[in-house]
Amino acid sequence: MKRWDPWLLLSVMAISAASYLAQSSTAQALDRPGFAFRQLAWLVVGFALMVLVGTLDYRVLARFWPLFYTASVLVLIATLVLAPVRAGTRSWLVIGAFTVQPSEFARVVVILTLAAVASVHQEALLAPRKALELFGLTALPMGLVLLQPDLGVALTFLPALFAVFWLGGLRTRVWALLGTAAAVLAVVAFFSLLKPYQKERILTFLQPDRAPLTAGYQQRQAKIAVGSGGFTGKGLKSGTQSQLRFLPAQRTDFIFAVWAEETGFAGSALLVFAYGLLLFRVFYTGLQARDRLGLLLSGGVGAVMAAQVLVNIGMNLGIMPTTGITLPLLSYGGSSALATGLALGLVQSVWRLRFANV
């Protein structure tokens, strides 16, 4: 274990401990004591997966990207057909007593795929044909997730693509074209593709007092929870917003608000520091990688996790619209915990083999 990154392991364990404490609070509030134990079990398994993948050679895993990619696309198609409708989406496959969200694992496969394909291109700037190929490899699974429909998870595929574009050396004029296309697509999506409740969330974000009891209710309650925590918080399992169930989606999207209310600014700052340390080590691993594949792999993982952390915490603070993007390791969910473990395992592999002459 001496070749492993102790700071990354430490930050993961700190966030996992906070997750168990926060989920214990929501379990009490919802009168579902088993939730906290399940989250702890998933975090332990996710940590074990990180260690397992970290012992493997990421260069060998990258060679099998066509197999992983094809399998993940087929599973996403099967999800559209076989998954029951839950909360208006077909996102979870039921396997016995467990439910699995394939899109979480597909995102890790896309990161591996993009890094593997882009690393073959050794020139300083990405050729337009290669950039188009990378876009297509992202668009297919992302489109299947949009059909579920799960806009929040689908959007988390984009940071990996942008990271590979940036690290791979996309030409400036192509960035300009992408920016223009994204702006046009955003306008078209708002008026033609987004569902009414999604439009209302964006409008409420721009006008916070627009719908305090409907579209703006979640974010309003989250801001009350964060603000009422003060400097040291109300104490674990003593937050009124969570315990009295004013705070919706407190296990998942708004778990940070639970933590902020009960541990205050001090606890929130420690948690943000742990995420900052984790992200710094992931990006630093990319800079220390022995090859282009390691750089792109770590950069993709770091970009996705950074986007999740920024959007989710920003959503809890009311400075980002509500999008349904969860907070890695802290939000409740087995698929998310295991997929995060797999992604961080790839990063650990890059770090462990940064000096390997094999």
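Accessible areas here come from the Shrake-Rupley method with a 1.4 Å probe, and for residues only the protein chains shown count as cover. With that in hand, you can say that the chain exposes about 16,600 Å², and that carbon and sulfur atoms supply 70% of this area. Keep in mind that this is a predicted model, where local features need pLDDT of at least 70 and side-chain atom pairs count only at pLDDT 80 or more, while totals for chains, interfaces and linings use all residues. Residues are numbered from 1 along each chain as its sequence is written, and side-chain values use heavy atoms, with hydrogens and water left out.

Let's start with the whole thing. The chain has 15 helices and two strands; these are DSSP runs numbered from the N terminus, with helices being H or I of at least four residues and strands being E of at least two. The radius of gyration is 20 Å, close to the 21 Å that the globule rule gives for 358 residues, so the chain is as compact as a globular protein of that length. (That radius is taken over C-alpha atoms, and the globule rule is 2.2 Å times the number of residues to the power 0.38.) Along the principal axes, the C-alpha atoms fill a box of roughly 55 × 50 × 40 Å.

How much of the chain counts as buried? Of the 358 residues, 50% do, where buried means under 20% relative accessible area, exposed means over 50%, and partly exposed is in between (1.4 Å probe, protein chains only). As for contacts (heavy atoms within 4.5 Å), take those in the chain with a separation of 6 or more: residues 24 or more positions apart account for 71% of them.

Now go inside. A nonpolar core is a set of buried Ala, Val, Leu, Ile, Met, Phe, Trp, Tyr and Cys residues joined through side-chain atoms within 4.5 Å. The largest one has 85 residues, and L114, L134, L271, L278 and L297 touch the most other members. Helix α13 gives the most to this core, with twelve residues. Pick out L278: leaving aside its neighbours within four places in sequence, L278 is in contact with L8, S11, V12, I15, M305 and L344.

Next, look at helix α11, residues 217-228. Its twelve residues reach 16 Å from the first C-alpha to the last, close to the 16 Å expected at 1.5 Å a residue; the expected span is 1.5 Å times one less than the number of residues. Which residues of α11 are buried? They are Q219, Q221, A222 and A225. These four cover an arc of only 160 degrees around the axis, which puts them on the same side of α11. The arc is that of the directions from the helix axis to the C-beta atoms. An α-helix has 3.6 residues a turn, so residues three or four places apart point the same way. The buried residues of α11 pack against α10 (196-206), α12 (240-243), α13 (255-288) and α14 (292-317).

You'll find G318 in the loop between α14 and α15 (334-352), and, not counting residues up to four places away in sequence, G318 touches F205, Q219 and K223.

Most residues other than glycine have a negative phi, and most peptide bonds are trans. Just after α11, G230 takes a positive phi of about 65 degrees. K237, in the loop between α11 and α12, isn't a glycine, yet its phi is positive too, near 65 degrees; K237 is partly exposed at 39% relative accessibility. D31 sits in the loop between α1 and α2 and has a positive phi near 55 degrees. With a relative accessible area of 59%, D31 is exposed. There is also a cis peptide bond joining Q148 and P149, with omega about -10 degrees, and P149 lies in the loop between α6 (128-147) and α7 (151-155).

Finally, see how the start of the chain meets residues much further along. D5 lies in the segment before α1 (6-29) and counts as buried, at 0% relative accessibility. Beyond residues up to four places away in sequence, D5 touches R281, T285, Q348 and W351. L56, in the loop between α2 (34-55) and α3 (58-63), is partly exposed at 37%. L56 and L353 are 297 residues apart in sequence and 9.6 Å apart in space, C-alpha to C-alpha.
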